[in-house]
Amino acid sequence: MAFMQWARRMALVLVGCAGLWGAAQAQDMAGAKDHPAVKRFGGSSIVGYEVRNFDAVEFQTSTFKEFDLGAGVRRYVQPPLQLEGKLTRFWYEAPGDTRALELYRNYVNELTAGGFQALYDSTKDPAAGKWTNFLASFSSSKKDFVKNARSEYVMYAAEANTIRTGTFQKDNVTVRLVAIDWPKEDRTYKARQGAYIAVDVLETKAMQQNMVVVSASEIGKSLTTQGKVAIYGIYFDTGKADIKPDSKPSLDQIAAFLKAEPGVKLHVVGHTDSVGGFDSNLALSRRRAEAVAAALVKDYGVAAGRLVGNGVASLAPVASNASEEGRAKNRRVELVLQ
């Protein structure tokens, strides 16, 4: 009799522990919170979360064709919509009997009811379905990876035939959804039975320039000690080589240095990040360098023979191109002694 009572107590303890384990699994990742523009699916939890003050995102607007393993980007029938701004990324986990289609449809219905317009919806695309490597961008070395409490594989290793994805936009807010199934638990990949959805929320805004202008004396010191100097205060619109007006303080300092050192000749070298094709970036980096040299000649009276413009695209990074912070450091003009 005593043994039976003990067994009943132990059973209750185990049931209680199981309930606590389930509750713990349903907790949001530390520091995570929903975005005010997008509600969550009932019973789901945030297992991946990141906020980036400024980043660039490519939003799908047409049928997926292939994943370019070399460039690490998806290719589509039509070029994707490229936007920049504040980016909030989520991976939501909906355990149990939930499947990707149900999860995705709930989000789509909520967004459209809230005034969002569908720019793309794979469930309404008769050509959708060839998803080979579509999820590769969620691996830890690619741009869609998010800090998470599970593993990269909950998105990356899911079955491609379960993918539901779409792009939705309202005013300056653009949302990307990618939902997938896990029909059974996989402890190796730390995936629970149910469905996961990656939600990107981008609030379009202009980046605030926050680079310190290098003085003429600092330019001279760096050229003397290193033979080169990086100039971050020269600005261009994305994909263009027209110098923006707020570049004047940096141009003033370069011109002041050249005036103080009339015997110095410089290579003006343009650098880009790795976003986009290499050939186009190579041409763009050269055009930007030549634009800087031309501005110094035209606006400051520097002799044309003292400056040679050239570009190296993304061949000489000073930081990782995996983050916007790193890409911002890589986008620069360098002055190099001839």
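The following legends describe close-up views of a predicted model.

**View 1. Packing of helix α5 against helix α6.** Helix α5 spans residues 248-260 and helix α6 spans residues 278-300. Their axes lie 11 Å apart at an angle of about 70°, and the two helices are therefore roughly perpendicular to each other. On the α5 side, the contact is made by K248, L251, D252, I254, A255 and L258, which meet V292, A295, L296 and Y300 of α6. Of the residues in this contact, 8 are nonpolar and 2 are charged, with no polar ones.

**View 2. Strand β6 between its pairing partners β5 and β7.** Strand β5 (residues 117-121) pairs with β6 (residues 164-170) in the antiparallel sense through 4 bridges; D121 is placed opposite G166 of β6. Strand β6 also runs antiparallel to β7 (residues 173-182), to which 7 bridges join it. K170 has V173 in β7 as its bridge partner. The hairpin of β6 and β7 has 2 residues between the strands, and D171 adopts a positive phi near 55° there.

**View 3. The aromatic pair of F64 and Y76.** The whole structure contains 12 aromatic pairs. In the pair of F64 and Y76, the ring centres are 6.2 Å apart and the planes meet at 70°, so the arrangement is edge-to-face. Because F64 belongs to strand β2 and Y76 to strand β3, the pair ties together parts 12 residues apart in sequence. F64 counts as buried at 6% relative accessibility, and Y76 counts as buried at 9%.

**View 4. The aromatic pair of Y153 and Y189.** These rings are stacked, at 4.9 Å centre to centre with 20° between the planes. Y153 lies in helix α3 and Y189 in the loop between β7 and β8, 36 residues apart. Y153 is partly exposed at 31% relative accessibility, and Y189 is partly exposed at 29%.

Methods. Residues numbered from 1 in each chain as written. Predicted model: local features only at pLDDT ≥ 70, side-chain atom pairs only at ≥ 80, totals over all residues. Heavy atoms only, no water. Axes fitted to C-alpha atoms, helices over the stretch in contact; angles between N-to-C directions. Parallel < 35°, antiparallel > 145°, perpendicular 65-115°, else oblique. Contact = heavy atoms within 4.5 Å. Nonpolar A, V, L, I, M, F, W, Y, C, P; charged D, E, K, R; others polar. Pairing = 2+ DSSP bridges. Phe/Tyr/Trp six-rings, centres within 6.5 Å; stacked < 30°, edge-to-face > 60°. Buried < 20%, exposed > 50% of the residue type's maximum accessible area, 1.4 Å probe, protein only.
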